[in-house]
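Subject: Structure for you to look at

Dear colleague,

I am handing over the structure below, and I would be glad if you could read my notes beside it. They go through one chain, its parts and its contacts.

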Amino acid sequence: MAGPVSPHSELGRQRILAAWWFLAPMLVVLAAAAGWPLLKTIYFSFTDATLNNLSGAQWVGILNYYEWLDYGDGTGEAFGLLADEQWWAAVYNTVRFTLISVTLETLFGLVIALVLNAEFKGRGLVRAAVLVPWAIPTIVSAKMWAWMMHDQFGILNDMFLRLGLISAPIAWTASPDTAMVAVLIVDVWKTTPFMALLILAGLQLVPGDIYEAAKIDGVHPVKVFFKITLPLIRPAILVAVIFRALDAMRVFDLIYVLTPNNDRTRTMSVFAQENLFQFDKFAYGSAASTLLFVVIALMVILTIKLGRMDLEGNG
Amino acid sequence: MANLKLTNVAKSYGSVKVLHGIDLTIRSGEFIVFVGPSGCGKSTLLRLIAGLEDITGGTLEIDGQVVNALPPSKRGIAMVFQSYALYPHMTVYDNMAFGLKLANTSKEDLDKRVRAAAEMLQITQYLDRLPKQLSGGQRQRVAIGRAIVRDPKVFLFDEPLSNLDAALRVATRIEIAKLHERMHQTTMIYVTHDQVEAMTLADRIVVLNGGKIEQVGSPMELYHAPDNLFVARFIGSPAMNIIPAKIEAGGMPATVRPLNGQPVQVDANVPASAAGSAATFGVRPEDLRPTDGPGLFSGNVLLVEKLGEVVLAYIDIGMEEPLIAKLDGDSQLERGQHISVTADADRLHVFDGNGKAYVRTRRALAA
C-alpha cells in the first residue's frame, strides 16, 4: 500500500496531479449529471417557474416554501410548502414507509442471509434464486403485483377467499386501509434479497474459527448469534440499512404504478412529481424536491454520525 | 489430570477416509505431539478429540468415559487455534472471560481466574485492549490464556506457532514448554508439521501419515530407532540419506552393500534368511564424516552450503539424489572436489523390502 502522499515533495506533487487527472472525467460527469440539475432545481424553487415558462421565471424568494397572507384584521393564512397539509401527509407517508419497509427487510434479509450462509446442497442455486425479485425492474414487478392484488381477478383475493381468511374481495391497492400494506408487501418482496446479499457479504467476513472457539467455550447458539455474530456483522447491516433507507425515502416508481393518486401512499417524491408535471406548479414541485434533498442529506449525515459513535462505543 | 484412549478411531467425509483406525493411549499429564506432512490427518484427529468433528468409527474415552457423543464444552478440553480465533469485538479480558461468564461462574472467581492466567502469561497490561491492537505473539498468548481460564483436563494446540515469525516462534515454544511444566497435571496434545517443535516439546511424538499412525515414541526413540522409512525420513533435518541396498549376510551385526557404496557392517538384527534380499540403507547426514580411506561412499561434491556452524556437502554418488553430509563448519570444501565419507556401524540404519526397519541393536537400547 502506498504511504501518505506529502504535497511538499516533487514526487508527491506529481502523484497528486496524476490523481486529479484520473478523477477529472468522473468529476465532470458528476457535475453535469447531478450537480447542475440539483442547483437548477434549488434555483427554480425560489422562482415562479411553470412548465410553459421555465426561461422567464422570476425570483420570488421563499414564497414557495412559506408565505403569510395577512388579511389586515389581525388574522391571516399561511401558504407554501411548509403550510401544506398534503405535503406533511406525504412526509408522514414517506417516513412510515421507510421505517416499516427497512425494518422488515432488515429482519427478513438477516434471516435469509443466515440461511444462505450455512452449508447445504444446492446453496448456489438458492442464492441465485433469492435474487430474482431484486433483478426484476420495479415497473414490471409493480404491474405484476397489481394484477395479483386486483380486486376482481387477483390471485391473492382468490387464495384468501378459498382459505376462508377473508369473506369478501379486498381492493388491496385502492382501499385506503390496505394501500400502504400493499406497497409494503411489494417493496419487502422486492428488496429483501438486496438486504440479504449485503448482510451475507458481512457474514462471510466473520472468520469461521471463532464459532469453533465458541463451541469449545460452550456458548449456546442463541447467545452466539447475539454476542458474536450480530456485533461482528453490525457494520454490514448499518451500511445496508443506510442504502435501503435512502432508497426508501425517495420511493417513487412502485407507488406511482401500484397505487396512483392515493392519499395514504403519496410520498414526497410522488408529491414533487405531481406538482412538477401534472399540476403545472413547477416551482412548487422544485421546492418539494429541494426539501426532499435536504431531508435525505440530513439523514445521511445523522446516520453516519450516529453509526460512527455507536461503532466506537461498543466496537 | 486426564488420560485418553482412542480405540480404532476412524473419520471419513462421505467416501473419503481420512483416518484409518487410530489406536492410541495418552497418559495423564503427558505432552503428546501429533506430527506429519500436510493432509496426514493430524489436525482432523485433534478436532475429533475436541469434538469439533464427529467420529465416524471407533471410540474416544476421556478418563474411561466414552465421549464420542459429548459436545466440546462437556469434554473438559480447551483448544488453542492456529489463527488464535479470538473474538475480535471483545477485549482481552472478555475474550478470556466469555466462556465462564456464560457458565454462570461468580464474578469474583471469574476475575481471579482471568487475572491469574493473565499474570502467568504476562498480558495483564493488555486486558483492556482489543485483539487487533495486539501483536501476533500477544494474541496467541491471549488464546492460550482463554484456554487456561477454562481449567481444562486436556489442552489442545492446533499448530499454534505457525502464524508467528521465526524469532517469536522460538520464544513462544519455550513459553509453552514452561506452561507444561507449571501445569504438569494437564494433558497436552499439540499438532504441528514442524519437527523441531515436536522434538523439543513432546514427551511422546505420534507420527501420522496418510491417516495412519507410523510410530509413537519419545523424540529420541524416533530419532535413533525409527520403525520405518517414513519416520526415518521425516525426523531429522536434512533428511536421512536413503540408498537402495542388498543384504550380504544376516546376523548381528549384518553386512549390507548399498548401491554404489562399499559393503558395511550395520548394528541391526537381520535374520540370516534375509541374506541376498533387497533392502534399503539409511544414514543421517550428521553421522557421515570425511575419511582418507575408501570410506562408505565417495564422489564429487556437487554443491556446498556453508551455514556457519556446519557445512552441508551434496555428493554425487551416481544416484539420482545426491548424498548429503553434514560436516564440520570449518571444512574447507570446494565444489567439484572428490571426497570419501564414512560412518560408524552403530549409526547406520537398514530397512527391509517393505520399508520396515530391522531392529537396531545398540543405538535403540541407548534411546
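Among the contacts in chain B with a separation of 6 or more, 64% are between residues 24 or more positions apart. Please keep in mind throughout that this is a predicted model. Of the 367 residues in chain B, 44% count as buried, and the C-alpha trace of the chain spans about 75 × 45 × 35 Å along its principal axes. The secondary structure of chain B comprises nine helices and 20 strands.

Chain B is divided into two parts, domain 1 covering residues 4-226 and domain 2 covering residues 231-366, and the centres of these domains, taken over C-alpha atoms, are separated by 37 Å. Where the two domains of chain B touch, domain 1 contributes nine residues and domain 2 contributes 11 residues. On the domain 1 side, the elements that give two or more residues are β10 (212-217) and α7 (219-224) of chain B, and α7(B) gives the most, with three residues. By class, the residues on that side of domain 1 of chain B are five nonpolar, three polar and one charged.

As for the strands, chain B has an open sheet of four strands, in the order β2-β1-β4-β5, with antiparallel pairing. Because β2 (16-26) and β5 (65-66) of chain B stand at the edges and each have a single partner strand, one side of each is left without a neighbour in the sheet. Strand β1 (residues 4-13) of chain B runs antiparallel to β2(B) and is joined to that strand by seven bridges; B:Lys5, for instance, has B:Thr25 in β2(B) as its bridge partner.

Finally, the contact between the chains takes 17 residues from chain B and 15 residues from chain A. On the side of chain B that touches chain A, the elements that give two or more residues are β6 (77-80) and α2 (92-102) of chain B, and this side has 13 nonpolar and four polar residues but no charged residues.

With best wishes

Note on methods. Residues numbered from 1 in each chain as written. Chains lettered and ligands numbered in written order. Predicted model: local features only at pLDDT ≥ 70, side-chain atom pairs only at ≥ 80, totals over all residues. Pairing = 2+ DSSP bridges. Buried ≥ 20, exposed ≤ 12 C-beta atoms within 10 Å, placed from the backbone. Contact = placed C-beta atoms within 7 Å. Nonpolar A, V, L, I, M, F, W, Y, C, P; charged D, E, K, R; others polar. Domains from an automatic or database assignment.
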